[in-house]
Amino acid sequence: MNPPSRNKRERRNAGWIWLFFLCLLIPLHLWFPELGTGALDDSYSASASGKKAFFLLLELESYNTERNRVPISVFLQTLDYDETLCLLGPARYPSPQEWSALLSWVEEGGHLVITANQAHSEFDIDELNIQVTYLDETERDNLPVVETKKKETVAGEDNKKELDTSDLLAALEDEHSLLEGQATTVFPDAPSIIWQTNAQVMSESGQKLISVGQTQQAIRQKHGEGEIVVAASSKIFSNQSMIDGGSVPAFRLIESTGAPDFFVVDESLNASGTSKVVALLIDPTFRPLTIQLLITLLIFGWWHSTRFGPILSSHILPRHNIVSHTDNVGNLHFKNGNGRALLYSYLKQLFTELHLRRFRGKEHRVIDPIARRMKTDPEKITTLLKRASELAKSKKIKRHQMGDLIRRLAEIRQAARHGKQQG
């Protein structure tokens with residue numbers, strides 16, 4: 001039996017490839033890999049401004065830590081009161097409806113930590129009379145900035161003027177740049193830390209946790225049965241801060257809400273606050289529709305890659321194989337009543353393959369090996385060949401006689417070829 005052609009094998013293997021990708025897509029309804037929100041400073045990011053290291057620290061030091069990507073108003077319905085919800089420098093701040101849900105949850109016993117995003121630090125919590133505002137020029141000048149090593153002065157007055165001018169322009173372009181100040185805290189194991197900020201927390205009733213100079217940087221305020229911690233900067237939670245030794249005050253700031261065992265780091269505000277197009281397709285809200293669309297496209301592609309598609313037939317006529325060609329030639333000879341020509345052509349081709357003209361007078365040298373392979377008498381083969389030659393020359397021959405002769409001649413031809421293959 002002839003092995004399948006290369007094209008057939010490729011088509012058969014292609015079917016397994018489509019099935020493999022289909023098996024990959026279907027389980028995505030039940031499990032989907034965790035992907036980032038698109039922000040560079042979220043808890044998925046390993047960049048210097050990201051908060052992945054702090055999230056891993058929470059996982060290590062707490063009983064349970066998880067991320068949330070469900071909208072806050074929906075997620076709070078399933079959130080227990082002994083857990084701490086952390087909004088660490090979100091890309092957007094909660095909407096009025098979300099603030100209402102958050103404060104209602106805190107009032108009933110929840111614990112909330114929210115820190116300002118240095119890119120847009122200002123936000124208000126009107127119900128608690130808490131505001132986070134940028135530092136004005138006077139407050140920035142009075143801030144106890146940590147002294148850094150000054151660069152060596154460049155020789156020449158012209159170079160000094162150019163350096164001073166560039167520094168002045170840089171300051172004017174970014175009036176809300178971060179300043180590194182020496183901060184004091186209420187935490188016994190971290191009484192003094194380096195705090196990067198460009199804003200301050202304004203609150204009259206909140207307990208001061210971290211301060212830089214005369215500015216409040218983090219406060220804790222009780223609301224109903226729960227507590228809320230507000231900070232003017234989220235830089236303390238960055239990966240760079242973890243490397244520089246900010247892990248202890250960062251954890252103490254989160255722990256100060258009073259629920260140190262269960263933490264939820266919210267990423268829904270980062271996901272909905274960053275600009276993206278393709279990432280919306282893998283958002284939990286639209287993810288089932290996206291998977292169904294991919295499965296539909298996969299099945300459509302598989303349908304058009306197999307034999308039974310497409311719906312419209314091709315305008316190119318299919319090629320006929322050699323069997324159909326032989327059938328057509330036989331039908332033409334049958335209609336013309338010229339079947340003898342087929343026997344004559346077959347017999348002539350057989351004599352050519354047996355090289356009987358070269359062995360004229362010594363035909364037994366060709367016929368004897370064939371007779372041995374066919375296990376018959378050489379005289380019978382010789383008689384058959386002579387009879388076939390006579391009938392091929394006669395004008396009258398019956399179809400069943402011609403068919404019987406061609407079948408017997410085919411056996412002789414096969415035996416002769418078998419001998420060549422063995423030789």
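Start by selecting residues 52-61: this is helix α2, which lies across β1, β2 (84-88) and β12 (262-266) and runs at about 140° to β1. Helices (H or I, at least four residues) and strands (E, at least two) are DSSP runs, numbered from the N terminus. Angles run from 0 to 180 degrees between N-to-C directions, with axes being lines fitted to C-alpha atoms, for helices over the stretch in contact; contact means heavy atoms within 4.5 Å.

A quick word on what you are viewing: this is a predicted model, where local features need pLDDT of at least 70, side-chain atom pairs count only at pLDDT 80 or more, and totals for chains, interfaces and linings use all residues. Residues are numbered from 1 along each chain as its sequence is written, and side-chain values use heavy atoms, leaving out hydrogens and water.

Next, pick helix α8, residues 247-255. This helix packs on the sheet, touching strands including β3 (111-115) and β9 (207-212), and its direction makes about 130° with that of β2.

Now show the open sheet of 9 strands, in the order β1-β12-β2-β3-β11-β10-β9-β6-β7, with mixed pairing. Two strands pair if DSSP finds at least two bridges between them. At the edges you will find β1 (64-68) and β7 (192-197). Zoom in on β6 (residues 179-185), which 6 bridges join to β7 in antiparallel fashion; here Thr-184 has Ser-192 as its bridge partner.

Finally, move to the open sheet of 3 strands, ordered β4-β5-β8 with antiparallel pairing. Its edge strands, β4 (123-125) and β8 (199-202), each have a single partner strand, so one side of each lacks a neighbour in the sheet. Select Tyr-134 to finish: its bridge partner in β8 is Ala-199.
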